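Keep the viewer open and look up each residue as you go.

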Amino acid sequence: MNKYFFLITLLLLVFLLTGWIYYVNSQSDQIEPVEKISAKWWGSAHADIEAEAFTHWSEDEPAIVPPTCAKCHSGQGFLDYVGQDGSAEFVVDEPAMIESVISCEICHNQQTTQLTSAVFPSGIEIDLDPNSALCASCHSGMGSSDSIPGRSEDVDVDEVIPEGSFINPHYAFAAATWLGSDAQGGYEYNQKTYVGKFEHAVGVQTCTQCHDPHSLHMNQPYTNTDLCSTCHSNVVDYSDYRDVYVDGVDYDTDGYTEGIYYEIEGVRGQLNRVMQIYAAEIIGQGIGWVDQYPYLFKDNDLDGTISEEERNFSNAYTQFTPRLMRTAYNLQFSIKDPAGYVHNGKYILQLLFDSIEDLASVVEFPFDYSQRP
Ligand code: HEC
Ligand code: HEC
Ligand code: HEC
Ligand code: HEC
Ligand code: HEC
């Protein structure tokens with residue numbers, strides 16, 4: 001009897017010990033060793049020294065990043081911007097080095113850790129938590145309602161702008177999407193109202209509550225658990241994000257209630273079509289979009305697509321009216337933050353709806369506006 005009691009106690013002790021070791025290990029997972037952080041960073045876009053974002057100016061003479069681009073495209077430029085190099089704060093005074101990636105010291109220095117706001121191209125400054133202020137300083141885009149001509153009432157919005165070229169909201173402007181009308185990154189129509197910051201839900205309300213600041217991927221609340229699955233039960237991993245919807249509104253009226261990603265895609269397709277109709281009928285020069293700079297090209301044969309021959313810089317679209325310009329801007333705004341559907345899907349939808357309505361006020365295009373979020 002005593003022998004059994006001894007064995008059972010021993011087994012129990014072994015169980016307790018394994019449990020304790022497991023617990024301690026899982027706790028120490030939370031405090032990341034620097035080697036692990038470095039490995040994550042090395043695998044991230046911020047460390048990619050060969051990326052277009054850090055080499056675009058390599059062929060220039062001299063090969064430097066001009067001050068207007070240096071804040072976001074050169075780590076050295078960002079240190080200049082925040083004043084860590086001893087120069088004035090919130091302005092880039094000098095051109096900066098190419099191939100200067102977003103390394104550890106760009107985010108971890110005295111000046112950047114004190115950031116509490118970010119300034120957007122609209123000129124609006126928004127108070128944010130320090131991590132989001134850091135990310136938003138670079139992921140804010142380069143355009144706003146004010147970049148587009150014709151917002152004032154006394155302009156003929158269907159008259160071609162002489163020597164016009166497409167105004168691009170730029171790239172990866174997650175903060176502008178996320179903050180919506182607070183930052184005014186999209187082209188907002190005077191008579192309409194727009195949603196501001198997407199508040200989402202507790203625990204996913206800042207850049208770094210979702211993004212690991214080093215790998216840039218989504219954080220995992222527990223090992224091998226997707227951040228989103230805790231609330232969106234249809235999510236197992238990244239491949240399911242596009243299927244998330246909450247309201248269940250068929251925004252693009254295709255008869256299916258799909259993930260907000262696909263609803264946006266559907267509405268964007270309609271904007272694309274009404275732009276083509278407007279360009280052909282009102283301007284008399286067909287237009288088409290492809291994912292190649294400068295994005296909008298002349299559709300000379302009016303077949304609704306941009307062929308290989310039409311897809312070259314000398315065939316770039318130039319006959320913009322203010323009406324076409326602002327709707328094209330919003331089309332591009334809905335594309336160039338590829339995660340716009342997560343960052344603030346309703347803002348994107350509002351911009352697309354209003355752009356369709358704008359063009360359909362002068363050309364024939366049936367569309368159901370009652371679903372505008
Ligand atoms: C507010 C920050 C910001 C400013 C200012 C800025 N950019 Fe960018 N730019 C970005 C970000 C962020 C990306 C990253 C897009 C990506 O994910 O590849 C980018 C991407 C690019 C790309 C790559 C596009 C592609 O398709 O990969 C080019 C080229 C570029 N920028 C040119 C410029 C030029 C030229 C200027 C100055 C006139 C400039 N940028 C100013 C933030 C900025
Ligand atoms: C794009 C900006 C950025 C870069 C680049 C960056 N960090 Fe961080 N790092 C952050 C932010 C933001 C936090 C705070 C995270 C939080 O509040 O949860 C952080 C947190 C940390 C921490 C605290 C531990 C933790 O996990 O919270 C350490 C240590 C660290 N970084 C080291 C590094 C090292 C080493 C590098 C370079 C290999 C680096 N960081 C590059 C933004 C950055
Ligand atoms: C100094 C400017 C700067 C800061 C600060 C910055 N980024 Fe970036 N970020 C960039 C540039 C430039 C790129 C594009 C790099 C490339 O193409 O390799 C980029 C790329 C990214 C990407 C990948 C985009 C893609 O196309 O795959 C993510 C995600 C990202 N950043 C998130 C963040 C987050 C989150 C923060 C804050 C913790 C942050 N960034 C802070 C400039 C910045
Ligand atoms: C609700 C969580 C969430 C929040 C909050 C969030 N993001 Fe994202 N973000 C995502 C998801 C999901 C993706 C797509 C992930 C992927 O492609 O790997 C993404 C993608 C991105 C990209 C890459 C887009 C591309 O070019 O492919 C950038 C850059 C980015 N986010 C920056 C930010 C910044 C800056 C903030 C804060 C202003 C922010 N995000 C806030 C979830 C979030
Ligand atoms: C803490 C719970 C929670 C987490 C975690 C969470 N979400 Fe959400 N999500 C919500 C709620 C609540 C809404 C509705 C918010 C609203 O409409 O104001 C929502 C809305 C959305 C929407 C808009 C859907 C629509 O139909 O308008 C998308 C897309 C989305 N979430 C994606 C994600 C992704 C991707 C992640 C992970 C990176 C994530 N969410 C993490 C709770 C959460």
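1. Let's start with a word you'll need all the way through. A residue is called buried when its relative accessible area is under 20%, exposed when that area is over 50%, and partly exposed in between. Take D358: its relative accessible area is 8%, so D358 is buried. One thing to keep in mind is that this is a predicted model.

2. Stay with D358 for a moment. This residue sits in helix α13. Which residues does D358 touch, leaving aside its neighbours within four places in sequence? They are Y189, R323, R326 and T327.

3. D358 pairs with R323, and their closest N and O atoms are 2.8 Å apart. R323 belongs to helix α12 and D358 to helix α13, so this pair ties together parts that are 35 residues apart in sequence. Both ends are hidden away: R323 is buried, and D358 is too.

4. Searching the whole structure turns up 11 salt bridges.

5. The side chains of D354 and R372 meet at 2.8 Å, N to O. D354 is in helix α13 while R372 is in the segment after α13, so the pair ties together parts that are 18 residues apart in sequence. Is D354 buried or exposed? With 3% relative accessibility, D354 counts as buried. R372, at 23%, counts as partly exposed.

6. K336 pairs with D291, the closest N and O atoms being 2.8 Å apart. This one links distant parts of the chain, 45 residues apart: K336 is in the loop between α12 and α13, and D291 is in the loop between β5 (287-289) and β6. K336 has 13% relative accessibility and so counts as buried, whereas D291, with a relative accessible area of 55%, is exposed.

7. The loop between α12 and α13 also holds A339. At 24% relative accessibility, A339 counts as partly exposed.

8. Next, the metals. Which residues coordinate the iron atom of ligand 1? H73 and H170 do, each through NE2, at 1.9 Å. H73 comes from helix α4 (residues 67-73) and H170 from the loop between α8 (130-138) and α9 (174-179), so the pair ties together parts that are 97 residues apart in sequence. As for cover, H73 counts as buried at 17% relative accessibility, and H170 is partly exposed with a relative accessible area of 23%.

9. Go on to the iron atom of ligand 4. Its coordinating residues are H211 and H343, again through NE2, at 2.0 to 2.1 Å. These two link distant parts of the chain, 132 residues apart: H211 lies in the loop between α10 (207-210) and α11 (260-283), and H343 in helix α13 (residues 340-360). The six donor atoms around the iron atom of ligand 4 subtend angles of 86 to 178°, which makes the arrangement octahedral. H343 is buried, with a relative accessible area of 17%, and H211 is partly exposed, with 30%.

10. Last stop, the surface. Which residues make the nonpolar surface patch of about 360 Å²? Look for Y171, Y293 and F313. F313 is found in the loop between β6 (296-298) and α12 (322-333). Its relative accessibility is 58%, so F313 counts as exposed.

Definitions and conventions. Residues are numbered from 1 along each chain as its sequence is written. Chains are lettered from A and ligands numbered from 1 in the order in which they are written. This is a predicted model: local features need pLDDT of at least 70, side-chain atom pairs count only at pLDDT 80 or more; totals for chains, interfaces and linings use all residues. Side-chain values use heavy atoms; hydrogens and water are left out. Patches are made of residues with over 30% relative accessible area and no salt bridge: like charges are joined within 9 Å, nonpolar side chains (Val, Leu, Ile, Met, Phe, Trp, Tyr) within 5 Å. Accessible areas come from the Shrake-Rupley method with a 1.4 Å probe; for residues, only the protein chains shown count as cover. A salt bridge is a side-chain nitrogen of Lys or Arg within 4 Å of a carboxyl oxygen of Asp or Glu. Helices (H or I, at least four residues) and strands (E, at least two) are DSSP runs, numbered from the N terminus. Buried means under 20% relative accessible area, exposed over 50%, partly exposed in between (1.4 Å probe, protein chains only). Donors are N, O and S atoms within 2.8 Å of the metal (3.2 Å for Na, K and Ca); water is not among the atoms, so sites may look incomplete. Four donors count as tetrahedral if all angles lie between 85 and 135 degrees; four count as square planar and six as octahedral if opposite donors are over 155 degrees apart and all others between 65 and 115; anything else is irregular. Contact means heavy atoms within 4.5 Å.
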